[in-house]
Amino acid sequence: MSTSTPASTPASDPASDPASDPASTPVDGGGTAATPHGRITGAVWTALALVYVVWGSTYLGIRIVVETMPPFLSAGARFITAGLLLAAVVAWRHGTAALRATRAQVGSAVLVGLLLVLGGNGLVVLAETSVPSGLAALLVAAVPMWVVVLRAATGDRPPGRTLAGVLVGLAGLAVLTSPGLSGTVRLSGVLLVVAASLLWSLGSFSASKLSLPGNPFTGSAYQMLAGGVAGVIVGLLRGEHRGLDPTAFSTASWLALGYLVLFGSLVGFTAYVWLLQAAPLSLVATYAYVNPVVAVALGALILDEALTWPIVVGGAVVVAAVVVIVSTERRKK
């Protein structure tokens with residue numbers, strides 16, 4: 001998951017500012033966009049802030065979309081549109097040569113797109129037909145836990161403070177998802193979100209290991225297109241097209257879908273894909289702790305979803321976890 005970029009704020013839109021392109025940003029040996037002194041750049045922090053805020057609001061957008069639109073067909077249309085727009089922007093800014101990639105790179109992009117877009121996003125969209133947007137976001141907050149497990153399984157040893165931050169975040173998640181918060185929610189919907197978080201974690205981890213197109217935005221476009229086409233196919237297989245009447249789609253659903261295309265996909269998703277190549281994975285994964293706070297607040301304000309003391313306490317805990325993890329990752333540089 002574009003806005004105009006104020007002249008005084010470079011790289012507030014990673015897809016439209018050359019300063020945020022890894023080709024023009026110094027990268028240290030650990031794959032982190034950095035200054036010559038090893039500090040994480042402003043482009044990384046800005047992109048991370050976009051992912052924090054924009055993706056937190058997309059849970060609300062998804063919930064409004066599926067009120068009147070079929071889940072997989074709408075999600076597929078969203079990412080196909082966003083992928084085509086992003087590809088057009090890349091070709092316009094850098095020439096059509098920037099869209100070229102080897103067969104292996106395209107295959108990797110397709111695989112990551114299926115894991116992130118079809119699996120990670122698609123299952124969340126389906127789940128939100130029965131699960132409140134805030135609760136869905138809280139369940140997705142388990143992503144950093146799975147990322148740490150994947151890192152450990154491949155020989156990486158995260159710092160103790162990172163592990164402590166994950167444990168603190170999980171404690172906050174336990175508070176936020178206490179029985180009094182969820183109410184009567186379908187178990188199938190909850191399990192779908194858990195599966196989505198697992199697939200998103202695997203896609204994120206795979207993206208850091210596979211050979212993807214040299215231009216990260218080209219790779220992002222291919223991922224969106226692959227996941228979007230797959231989403232449409234799944235929607236057709238599920239019979240979502242039968243009896244479909246676009247005139248019955250509400251204005252709110254149309255507006256929410258447009259927001260998801262421009263912000264959730266073009267801004268948020270592109271910033272996320274860029275961060276996977278420009279920042280430590282454990283730092284990028286902290287978005288999953290902030291998104292629930294934004295999502296729960298918006299769900300309460302706009303959709304009247306329950307706002308109770310576990311949300312306030314749990315929200316404070318997950319923010320504390322973000323501070324611990326981010327500060328630890330900065331010290332590693």
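Reply: The expected span of a helix is 1.5 Å times one less than its number of residues. The model discussed here is a predicted one. Helix 9 covers residues 216–237 and contains 22 residues. From its first C-alpha to its last, helix 9 reaches 31 Å, which is close to the 32 Å expected at 1.5 Å a residue.

Consider the start of the helix. There, a side-chain oxygen of N215 comes to within 2.9 Å of the backbone nitrogen of F217.

The other end leads to a charged pair. Helix 9 is followed by G239, and the phi of this glycine is positive, near 80°. R238 forms a salt bridge with E240. The closest N and O atoms of R238 and E240 are 2.4 Å apart. Side chains of opposite charge can pair when their charged atoms come close. The structure holds 1 salt bridge.

The two partners can also be described by their accessibility. R238 has a relative accessible area of 43% and is therefore partly exposed, since that class lies between the limits of 20% and 50%. E240, by contrast, has a relative accessibility of 11% and so counts as buried, because buried means under 20%.

In summary, N215 makes its contact with F217 at the start of helix 9, G239 follows the helix with a positive phi, and R238 is joined to E240 by a salt bridge.

How values were computed: Residues numbered from 1 in each chain as written. Predicted model: local features only at pLDDT ≥ 70, side-chain atom pairs only at ≥ 80, totals over all residues. Heavy atoms only, no water. Salt bridge = Lys/Arg side-chain N within 4 Å of Asp/Glu carboxyl O. Buried < 20%, exposed > 50% of the residue type's maximum accessible area, 1.4 Å probe, protein only. Helix = DSSP H or I, 4+ residues; strand = E, 2+ residues; numbered from the N terminus. Polar contact = N/O pair within 3.5 Å; in protein donor to acceptor, adjacent residues only side chain to side chain.
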